[in-house]
Amino acid sequence: MKIAVVGTGYVGLVTGTCFAETGNQVTCVDIDVRKVERLQKGEIPIYEPGLDVLFDRNVAEGRLVFTTNLAEGIKDAQVIFLALPTPPGEDGSADLKYILKVADDLGPILDQYAVIIDKSTVPVGTAEKVRAAIAKNAKVDFDVVSNPEFLREGVAVEDFMKPDRVVVGTTSEKAKKVMEKLYAPLVRQGNPVIFMDERSAEMTKYAANSFLAMKITFMNEIANLCEKVGANVDDIRRGIGTDSRIGKRFLFAGIGYGGSCFPKDVQALAKTSLDYNYDFRILKSVMDVNYDQKKKLLPMVDNYFADGLKGKTIAVWGLAFKPYTDDIREAPALENIEALLAAGAKVTVYDPEAMNNVKGVLGDQVTFCHTPYAALDDADALMIFTEWPQFRTPEFEKMGKLLKNKVIFDGRNLYELDQMREMGYTYYSIGREKVVPA
């Protein structure tokens, strides 16, 4: 099948590469000339485990190509994915200007029937707007389908190639047959392709992400209460996670969610609710709690350094919003670092993948280190914001010799309390008792 993917961001590049891997001829289109030139040279602009192997193979075999020319990119395409940014506006609504601009451009250059697929996360009613924008100048028949993505950064390739489910919003039997053929190689083990109308498909994506954000936020609220009543949130997580009605995932307490999806999608669903005069009270609470939770560690740091942070050096492990990605969008680390700098502290940082992106935001305001231990050298304390695996079993004795004070502020609950006691650390975490050396 000939496929065009408009937009080579995170979703577009993974989508195009994975469909090429199933034998399709894929052309990815982007207006960013520099990005397209890099892709044509074999340079991948994002970090996603496993993507490089599929990318290199399909470029080498000629199934995956890149262009800045929309008309060239969609020529003979039976399927055209729109994988374009939908950034939040000032009121929290998803900005559709990029999608609707491409829809306007598509109308006059379509020369055969094609299925136009909204792959981006878009509010209810977007498929109708895209259809209207294309129809203004279209001379051929076409269908617009909603096909939201459910990719988790860090395991996106596996999620795409082995999806839990595929959600397709269309009322067209012709488009349905195309979508069944397109996804057939990915659902051979019986994972469902769920067909519904376009509006329900658009709502499904927002409902899924908002529910997961709510689940994380609920556990953070439980953690905050645990600190007051003397309970341990890890024990509670295990106690409720074994209930099949609840499940084990998204129950880890910490310093809140970030990334490109949860914050934006919760805001957008809340805005949609307002547009339809519905007061979605749970979403308001989720956003409020998460805003406060991101800076949960700062009062602990202030209390520990009673004489203030001015002149202190704080080491930071983890900058990405989650492990296995270089994505720093809405990452809790950034807000905390900015607060530390504002209080007069010096900050040394380490992250396996995200440091180049942070350099683009903070420049030389912080010291970037080549190893996690280099960040600790002569620092007054360590703060942890991302649960990278290499942070889970460090050399604690070596750490203790590098740090001025054996104190850790852990926003991801990486270490066991007994372990911290044994090693003689002062240890602050989320929803658990503070460890203080005897």
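Val-130 is buried in this predicted model, with a relative accessible area of 0% (buried means under 20% relative accessible area, exposed over 50%, and partly exposed in between, with a 1.4 Å probe and protein chains only). Val-130 is found in helix 6, residues 126-135; helices (H or I, at least four residues) and strands (E, at least two) are DSSP runs, numbered from the N terminus. Leaving aside neighbours within four places in sequence, Val-130 is in contact with Leu-82, Ile-99, Leu-100, Ala-103, Asp-118 and Val-144, where contact means heavy atoms within 4.5 Å. Val-130 and Phe-252 are 122 residues apart in sequence and 39 Å apart in space, C-alpha to C-alpha.

Residues are numbered from 1 along each chain as its sequence is written, and side-chain values use heavy atoms, with hydrogens and water left out. Because the model is predicted, local features need pLDDT of at least 70 and side-chain atom pairs count only at pLDDT 80 or more, while totals for chains, interfaces and linings use all residues.

Helix 10 comes next. Spanning residues 233-241, helix 10 has Val-233, Asp-234, Arg-237 and Gly-241 as its buried residues. Seen down the helix axis, these residues fall within an arc of 105°, so they line one face of helix 10; the arc is that of the directions from the helix axis to the C-beta atoms. The buried residues of helix 10 pack against helix 9, residues 198-229. At the start of helix 10, a side-chain oxygen of Asn-232 reaches to within 2.8 Å of the backbone nitrogen of Asp-234.

Arg-238 lies in helix 10 and counts as partly exposed, at 45% relative accessibility. The side chains of Arg-238 and Asp-235 are joined by a polar contact of 2.6 Å (a polar contact is a pair of N or O atoms within 3.5 Å; within protein, one must be able to donate a hydrogen and the other to accept it, and residues adjacent in sequence count only if both atoms are side-chain atoms). Gly-239 also lies in helix 10 and is exposed, with a relative accessible area of 51%. The C-alpha atoms of Gly-239 and Gly-259, 20 residues apart along the chain, are separated by 28 Å.

Helix 11 (residues 262-275) and helix 12 (residues 281-293) pack at an angle of about 145°, with their axes 10 Å apart; axes are lines fitted to C-alpha atoms, for helices over the stretch in contact, and angles run from 0 to 180 degrees between N-to-C directions. Val-266, Gln-267, Leu-269 and Ala-270 of helix 11 make the contact with Leu-283, Val-286 and Met-287 of helix 12.

Lys-294 has its place in the loop between helix 12 and helix 13, residues 298-304. Is this lysine buried or exposed? Lys-294 is buried, with a relative accessible area of 4%. The side chain of Lys-294 reaches the backbone oxygen of Glu-330 at 3.0 Å. Not counting residues up to four places away in sequence, Lys-294 touches Ile-255, Tyr-257, Glu-330, Pro-332, Glu-335 and Asn-336.

Another loop, between helix 3 (51-60) and strand 3 (64-67), holds Arg-63. A polar atom of the Arg-63 side chain lies 2.9 Å from the backbone oxygen of Ala-20, and a polar contact of 2.7 Å joins the side chains of Arg-63 and Glu-61.
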